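Here are a few notes for you to read next to the model. Have a look at it first.

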Amino acid sequence: METEHERLREFFAAKAVGWEKRFPDDGPAYAAAVAELGLRPGRSALDAGCGTGRALPRLRDAVGPAGTVIGIDLTPEMLHEATALGRHRAGSLIEADSARLPLRDACLDAVFAAGLVHHLPDAAAGLREFARVTRPGGRLALFHPIGRAALAARRGHALREDDVRAEPNLAPLLTGTGWELTVYDDSEHRYLAVATRESRP
């Protein structure tokens with residue numbers, strides 16, 4: 001029987017080539033979301049579920065040449081497309097599961113995750129894993145370049161009350177996994193939730 005990871009890989013593999021041509025105007029929204037992480041030169045950042053690596057150049061700009069930028073994705077075809085687009089020059093690309101990161105504890109200053117959290121088979125486990133690799137005081141940005149209502153309308157769907165991205169669901173989920181929600185913006189033009197890694201006991 002096909003696993004959830006295999007279904008996700010197949011879904012995104014078929015869409016990898018030409019993915020960015022479908023969303024040509026999202027660049028400024030990505031840049032603004034990365035800016036919310038407050039990264040400084042020399043810091044370290046992960047783009048979890050990086051896809052074609054659209055956020056990687058923005059993360060590199062934020063941390064500078066002395067900083068560390070990593071892009072991780074489950075789908076090799078997405079990583080191949082990221083390489084074809086030159087994104088490997090902005091950060092290291094690694095094929096891995098974002099819910100089982102091949103990174104040591106507390107090694108990052110920030111995690112950026114665009115369009116990812118609702119795809120995780122276990123959102124709590126994924127957020128807990130992001131917390132594991134992030135230093136106390138580090139930040140997490142959950143992002144999409146269009147708000148939930150606008151995206152649902154575009155796809156002909158209704159908003160679901162059980163959507164993990166909805167603030168009443170997300171805030172306690174973050175609290176229970178080591179984060180404190182500090183920014184929540186679900187407007188027409190973007191979805192952005194920023195959380196701070198709580199201090200470890």
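**Pocket and sheet**

1. Strand E4 (108–114) and strand E5 (134–144) each put at least two residues into the lining of the second largest pocket, and E5 gives the most, with five. Strands here are DSSP runs (E, at least two residues), helices too (H or I, at least four), numbered from the N terminus.

2. Keep in mind that this is a predicted model: local features need pLDDT of at least 70, side-chain atom pairs pLDDT 80 or more, while totals for chains, interfaces and linings use all residues. Numbering starts from 1 along each chain as its sequence is written, and side-chain values use heavy atoms, without hydrogens and water.

3. That pocket holds about 150 Å³. A pocket is an open set of points on a 1 Å grid over the protein atoms alone, where a 1.4 Å probe fits, with protein on both sides within 12 Å along at least five of seven lines; lining residues have an atom within 4 Å of a point. The volume is the space filled by probe spheres set on the points, joined across faces, edges and corners.

4. Among the lining residues are Arg 40, Arg 43, Asp 109, Arg 135 and Arg 139. By class, the lining has four nonpolar, three polar and five charged residues; Asp, Glu, Lys and Arg count as charged, Ala, Val, Leu, Ile, Met, Phe, Trp, Tyr, Cys and Pro as nonpolar, and the others, Gly among them, as polar.

5. E4 and E5 run parallel, joined by six bridges; strands pair if DSSP finds at least two bridges between them. They belong to an open, mixed sheet of seven strands, ordered E3-E2-E1-E4-E5-E7-E6.
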